[in-house]
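Open the model in your viewer and keep the selection panel at hand. Each stop below says what to select and what is there.

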Amino acid sequence: MKEIVLHRRYWAIPFLLWTLLLTGSYLWNERNLEQHGLDLALNRGRFVFQFVETMRHWNALHGGVFVPMTPDSPPNPYLDANIRELTCRDGVVLTRVNPAYMTRQVAELALRTGALMMHLTSLKPLRPENRADPWEETALRSFEAGARERIEFLQDEGNPRYRYMAPLPTRKACLQCHAKQGYHEGDVRGGLSLTFPADEIRKAVVNQQKIVLYYHVAAWVALSVLFLMLLKQMRLTLLHLQTENVRQEQLVAERTSELQRAKEHAEVGNRAKSEFLSVMSHEIRTPMNAILGFSDLLADSDLTVQQQEWVQGVMTASAGLVELINDMLGWSWSSSAVEGLEGTVFQLAQLLEESTANARTRADAKGLRLELEIAATVPEYLHGAEKGLRLVLRNLLGNAVKFTERGTVRLRVSVNPEQEGLFRFEVEDTGIGIPRDRLTEIFDPFVQLDSSHSRRFGGTGLGLALCRRLVERMGGEIGVESQAGVGSRFFFTVPMRAAEGDAELERPQTVMPETGDLPADARILLVEDDPVNRKVVSGMLKRLGLDCEIAENGALALEKLRSASFDLVLMDCQMPVMDGFTACRHLREREREQGLKRLPVVAVTAYAMQGDKERCLSAGMDDYMAKPLSLAGLEATLARWLLGRPVPETTLVPEPVVEEEFPSMDMRLFGQLRDALGVEGVREVILVFLQILPERLQAIREGVAARDPGRVHRETHPLKSPSRQLGATRFSELATELDTLTRNGSLEGTTELVGRLDEEAGRIGSILRSLAGEEQSTP
């Protein structure tokens with residue numbers, strides 16, 4: 001690295017790598033845009049084909065239709081004369097038009113009035129005009145082999161166009177005319193070919209490619225300038241340090257009496273380095289601020305969905321670069337800074353909330369549990385190094401979430417029993433762990449476990465070194481306990497004291513809601529399609545002293561809301577017939593039109609990713625609860641909307657998860673449900689779940705066998721939330737993975753997933769029957 005910085009001939013290496021990276025990114029985006037254009041043409045072809053197919057089916061169902069005989073509608077020569085013509089009482093002669101004849105006339109009209117060309121064709125046509133051309137013949141033979149459609153972009157003699165073709169299956173009504181040709185119901189009788197211009201779609205694709213090119217050129221210029229500035233300044237600094245070192249060696253060799261002067265010169269070099277980092281902080285952050293600011297402004301402008309994704313990609317990459325810069329500058333700051341490490345008074349709960357905010361967002365995105373445990377003896381207000389403590393917690397929590405793919409990240413705060421005024425912080429995770437022979441060096445600067453972790457997880461290797469430096473400067477100690485493949489526990493102690501006049505908080509280990517304040521006569525409508533979830537929520541409401549009416553989808557909910565009055569609606573989001581978003585929009589529209597009072601609607605959904613809450617609120621809902629529900633959370637939400645007053649959220653210290661007895665179950669979640677519903681209530685939920693489980697699994701297997709991802713998605717989605725509510729977390733994770741895969745229309749890898757789902761169903765079936773007191777049997 002030093003040779004690259006000092007010799008300019010090596011500076012082309014980072015520029016070359018950067019250029020290759022951006023070139024690859026541009027080519028990848030260009031290919032995606034080409035595919036996007038083909039998808040647009042495919043959707044257009046499908047729309048026209050489905051419209052024509054619907055008209056043909058309607059015609060066939062009526063055995064053909066009669067229209068006045070005109071030069072544009074002469075008699076169909078392929079129909080028998082005795083069934084082809086009809087004379088009205090007024091003398092008007094009508095001729096029968098069958099589906100094929102109607103399609104041909106519509107195709108001729110479309111050709112005269114616009115640029116769309118339609119051609120009804122078959123491998124065994126009755127009319128010579130219906131003979132398939134080579135492209136159509138290839139498509140028809142692929143339909144006989146099982147293909148569903150064909151789309152292709154063609155450009156002959158500067159005339160770009162798309163050709164789309166789909167098969168015409170033989171329906172029962174079609175056999176009136178085509179049975180004599182040997183067709184049976186379901187056979188591919190022929191196909192409909194559609195040809196339309198590609199100018200509009202190609203123009204849109206080219207415009208998008210230009211935008212992508214501009215973005216990549218701008219990124220190349222910006223980063224090239226930053227690289228050049230950084231390399232120049234680093235070279236000047238290294239040359240200066242080399243000169244200074246030579247001078248110091250000469251001074252030491254010549255006169256030992258001038259040792260103090262050499263030390264002063266070395267300090268000059270350190271000040272030059274600090275000044276360099278200060279300058280670079282400004283020079284790097286200024287253009288990065290512009291990149292982030294303009295990207296943010298661009299994100300708020302009128303962009304397509306694809307453009308929004310590109311802008312978000314620019315913002316994400318820029319944020320990663322800012323994080324890297326912060327690591328480097330934070331290390332430099334910790335070398336000499338004392339501001340923020342002096343004692344200040346702060347509220348511990350607020351500091352912990354702010355320190356865990358970023359880690360909590362990333363943990364939610366990865367499906368991790370981020371838990372906080374505060375000992376009852378910890379004071380609410382403390383006097384200590386607030387800024388240093390915040391930085392250490394942020395680094396340790398960020399590392400824990402980064403290196404944990406599944407499980408839990410837990411932060412504990414307690415008072416050291418061995419020494420008064422010494423507080424202990426522990427960050428524990430279930431991540432990749434650290435080998436024992438590397439524990440002694442992970443707090444050294446720029447040290448990472450190995451190159452594979454560096455490539456996979458990123459980072460500079462300064463975070464833990466910065467934590468040790470800050471903890472030591474605050475007068476504390478830091479350490480780690482870890483086992484590879486099991487997880488890690490980082491802990492540190494810092495001296496602090498309770499702020500004068502602040503009493504210690506008493507925090508109970510568990511908090512159960514008091515139900516006496518909730519109005520027992522409150523009318524609640526529960527809108528939920530899944531029977532297990534209905535049992536769970538209605539059981540919790542009953543435990544809180546409330547009754548509810550049930551609607552199985554959004555359409556039934558709107559009917560109930562028209563015929564009766566309610567105080568609150570608990571609305572699921574994804575349901576058949578009508579989903580919760582649509583139902584809420586209809587409700588709000590009816591309230592506006594009729595001048596009705598706004599009815600509180602609370603979303604109860606298994607979608608708990610970032611942005612799902614905002615989507616619920618934008619649909620007109622007033623609040624949001626993610627499944628699985630807790631009794632305390634449900635009680636707090638009901639109190640907020642039924643009593644019209646805010647209810648403070650309570651920090652719950654979770655019970656330990658017992659996995660030895662039931663390795664497929666999270667008994668903490670099961671225990672919470674049992675506490676919320678009681679023994680009989682949770683037994684009813686288990687029996688309902690076990691009743692529907694075999695039917696759902698059989699339907700999933702049939703959907704996979706039929707290559708129908710939509711059916712697999714519909715049957716899998718209702719299993720995610722109930723299974724997690726019951727504590728079957730492994731089953732829920734497999735169902736979630738299968739649901740996400742098939743939601744995007746993919747069936748790749750589903751056979752293996754369904755097999756694992758069946759195996760896990762067998763395990764949890766036996767466990768749940770045991771917990772419900774039933775005899776075990778094969779589910």
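Select helix α2 (residues 12–61) and helix α4 (residues 99–113): their axes come within 9 Å and cross at roughly 145 degrees. Axes here are lines fitted to C-alpha atoms, for helices over the stretch in contact, and angles run from 0 to 180 degrees between N-to-C directions. Helices are DSSP runs of H or I with at least four residues, strands are E runs of at least two, and both are numbered from the N terminus.

This is a predicted model: local features need pLDDT of at least 70, side-chain atom pairs count only at pLDDT 80 or more, and totals for chains, interfaces and linings use all residues. Residues are numbered from 1 along each chain as its sequence is written, and side-chain values use heavy atoms, with hydrogens and water left out.

Stay on the first pair. The crossing of α2 past α4 is right-handed (the near helix is turned clockwise from the far one by less than a right angle; anticlockwise is left-handed). Show side chains V52, M55, R56, N59 and A60 on α2, then P99, A100, M102 and T103 on α4; these make the contact (heavy atoms within 4.5 Å). By class, this contact has six nonpolar, two polar and one charged residues. Ala, Val, Leu, Ile, Met, Phe, Trp, Tyr, Cys and Pro count as nonpolar, Asp, Glu, Lys and Arg as charged, and the others, Gly among them, as polar.

Next, the sheet. Three strands form an open sheet in the order β1-β3-β2, with antiparallel pairing (two strands pair if DSSP finds at least two bridges between them). At the edges are β1 (65–68) and β2 (85–87), each pairing on one side only. The twist averages 35 degrees from one strand to the next. Zoom in on β1 and β3 (residues 93–97): four bridges join them. V65 faces V97 of β3.

Jump to helix α20 (residues 709–725) and helix α21 (residues 729–743). They pack at about 150 degrees, axes 8 Å apart. That makes α20 roughly antiparallel to α21 (angles over 145 degrees; under 35 is roughly parallel, 65 to 115 roughly perpendicular, the rest oblique). The crossing is left-handed. Contact residues include P709, V712 and H713 of α20 and T729, F731 and S732 of α21. The contact divides into six nonpolar, eight polar and four charged residues.

Last stop: V679, in helix α19 (residues 667–705). Is V679 buried or exposed? At 62% relative accessibility, V679 is exposed (over 50% relative accessible area; buried is under 20%, partly exposed in between, with a 1.4 Å probe and protein chains only). Now pick L771: its C-alpha atom is 9.7 Å from that of V679, 92 residues apart along the chain.
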